[in-house]
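Open your viewer, load the model and keep the selection tool handy. We will walk through it one stop at a time.

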Amino acid sequence: MSVINEINPLAMSGVYVIYGNAGGIYEKDGEYGTSHLMEHMVCHNYDDLRDTFQENGIQANAYTSCDIVVFHITGLTSRVEPLAKEFVARITGGVRDHITEEMFETEKKTVLQEYGDTFSDPIACGMLNGIRKIFGGYAAIGRRQDVENFTFDDFKRVYEERFRKPNLVVYVGPTGINFNGIEFAEGAGQILCPPVYSENRTIELEPSPAVDRNFITCFSKLVCTREDSLAMKIACRMLSSGLNSPLYQEIREKRGLSYFSIGDVERMGSVVIPMFCAATDKDKTAELIDVYDMVFGDLDKYLTEERFNLCLNFAKITKEKNTVLRYENYDDFIVKALGYALDDDELETLTFDRVKDVAARYLSPSQICKYTN
């Protein structure tokens with residue numbers, strides 16, 4: 001892979017350096033969560049550009065997901081373009097001299113603080129523990145002991161192995177940029193931790209925060225293939241997106257069981273996992289589970305053609321907005337370029353019958369499993 005130049009008529013630009021061989025599904029046992037630590041450390045390669053970015057109104061940031069690490073800058077084209085090549089060169093140019101072992105240990109403490117903050121949230125804790133227990137994955141956040149045991153020498157080794165060569169550099173702006181001299185990795189790495197359903201998995205979970213509520217997550221046992229992923233996302237939105245959605249109406253408006261109701265897909269490479277979740281008082285847990293059983297047990301009632309048209313139109317409008325704000329909404333063409341799931345080009349041909357068929361296969365009561373914190 002190499003450079004993608006996305007033409008954006010607005011006077012706003014973005015530069016994105018993408019690694020498709022990092023993140024939870026590409027990490028081996030003993031290194032879960034270390035892509036996230038690598039992300040933090042690699043950002044120190046442009047420490048001396050922070051003042052320059054700020055005075056030019058440029059936002060610099062990075063993130064790690066289950067299947068990708070991205071470093072990016074965004075801002076006015078006139079400010080971003082003069083710094084674009086230097087930013088990419090800093091990310092890919094090796095560990096800089098000012099990055100010391102003391103700096104590494106300090107950053108590792110920060111990542112472990114973020115880890116603790118994440119699992120102190122009962123909602124996040126429930127979702128992440130559910131993914132561990134049901135699918136055996138550690139997501140982007142990883143496993144505490146693996147991050148603790150990662151050393152400064154490990155950081156330098158992994159940088160050379162996986163961060164010298166990005167899979168992709170994307171520039172969004174009114175013109176293209178030629179990033180001469182950048183070497184690129186060919187394709188993504190080997191998936192070492194694919195999501196695989198198991199009923200009786202033995203795996204280390206993080207302790208749930210002491211709260212007087214239960215958090216319930218419903219997963220489909222079937223990992224959704226790339227071909228079915230867009231239809232699955234629309235089906236999840238039909239059931240749980242918006243104040244008028246069936247699950248929100250049943251859970252909150254009619255029964256007062258939970259402040260929120262979430263339903264969406266979690267992408268892991270070229271597959272997605274459908275999940276739905278809500279929290280309720282412990283003595284209301286059975287009633288909340290009954291609501292999920294009722295909805296998944298009668299999908300024909302809740303997946304109506306009216307809901308399909310509404311959610312499909314919303315998706316099309318979102319795609320149109322993302323085209324206008326191309327410098328901000330870059331995930332769609334990154335995912336497409338890497339060959340991952342959720343190709344929104346299929347929105348134009350997606351049908352109600354197709355969505356119902358996919359929902360029936362993945363969201364039937366026999367395919368739904370529930371995790372309670």
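What follows is a tour of a predicted model, with something to select at each stop.

**Stop 1: the largest nonpolar core**

Start by selecting V15, F71, F87, F163 and F179. Within the largest nonpolar core, which has 40 residues, these five touch the most other members. Now colour the elements that give two or more residues to this core: β2 (12-19), α1 (34-42), β4 (69-76), α3 (77-92), α4 (101-120), α7 (152-163) and β5 (168-173). Which of them gives the most? That is α3, with 6 residues.

Keep F179 selected and show what surrounds it. Setting aside neighbours within four places in sequence, F179 is in contact with V3, V15, A84, K85, V88, V169 and Y171. Apart from this core lies another, of 39 residues, and C236, V291, V295 and L299 are among them.

**Stop 2: aromatic rings**

Next, show the side chains of Phe, Tyr and Trp; the structure holds 17 aromatic pairs. Pick out F104 and F150, a tilted pair with 6.4 Å from centre to centre and 45° between the planes. This pair links distant parts of the chain, since F104 belongs to helix α4 while F150 sits in the loop between α6 (144-149) and α7, 46 residues apart.

Then select Y19, F71, Y159 and F163, which ring pairs link into a cluster. You have met F71 and F163 already, in the list of core residues that touch the most other members.

**Stop 3: where α4 meets α5**

Show α4 together with helix α5 (residues 122-135). Their axes are 5 Å apart and the helices pack at an angle of about 95°, so α4 is roughly perpendicular to α5. To see the contact, select Y115, T118, F119 and S120 on the α4 side, and P122, A124, C125, L128, N129 and R132 on the α5 side.

Follow the chain into the loop between α5 and α6 to find A139. Its phi is near 55°, a positive value in a residue other than glycine. With a relative accessibility of 8%, A139 counts as buried.

**Stop 4: A60 in a strand**

Move to strand β3 (residues 59-64), where A60 lies. A60 is partly exposed, at 30% relative accessible area. Leaving out residues up to four places away in sequence, A60 touches Y46, F53, H72 and I73. Draw a C-alpha to C-alpha distance from A60 to V15: they are 9.6 Å apart in space and 45 residues apart in sequence.

**Stop 5: T280 in a strand**

Now go to strand β8 (residues 271-281) and select T280. At 1% relative accessibility, T280 counts as buried. Beyond residues up to four places away in sequence, T280 touches R213, N214, L257, T285 and L288.

**Stop 6: one face of α14**

Finish with helix α14 (residues 352-362) and select its buried residues, F352, V355, V358, A359 and Y362. Look down the axis of α14: these residues fall within an arc of 130°, so they line one face of the helix. What do they pack against? Show β6 (213-220), α8 (226-240), α11 (299-302), α12 (305-324) and β9 (368-372), and you have the partners of the buried residues of α14.

How values were computed. Residues numbered from 1 in each chain as written. Predicted model: local features only at pLDDT ≥ 70, side-chain atom pairs only at ≥ 80, totals over all residues. Heavy atoms only, no water. Buried < 20%, exposed > 50% of the residue type's maximum accessible area, 1.4 Å probe, protein only. Helix = DSSP H or I, 4+ residues; strand = E, 2+ residues; numbered from the N terminus. Arc of directions from axis to C-beta. Contact = heavy atoms within 4.5 Å. Core = buried A, V, L, I, M, F, W, Y, C linked by side-chain atoms within 4.5 Å. Phe/Tyr/Trp six-rings, centres within 6.5 Å; stacked < 30°, edge-to-face > 60°. Axes fitted to C-alpha atoms, helices over the stretch in contact; angles between N-to-C directions. Parallel < 35°, antiparallel > 145°, perpendicular 65-115°, else oblique.
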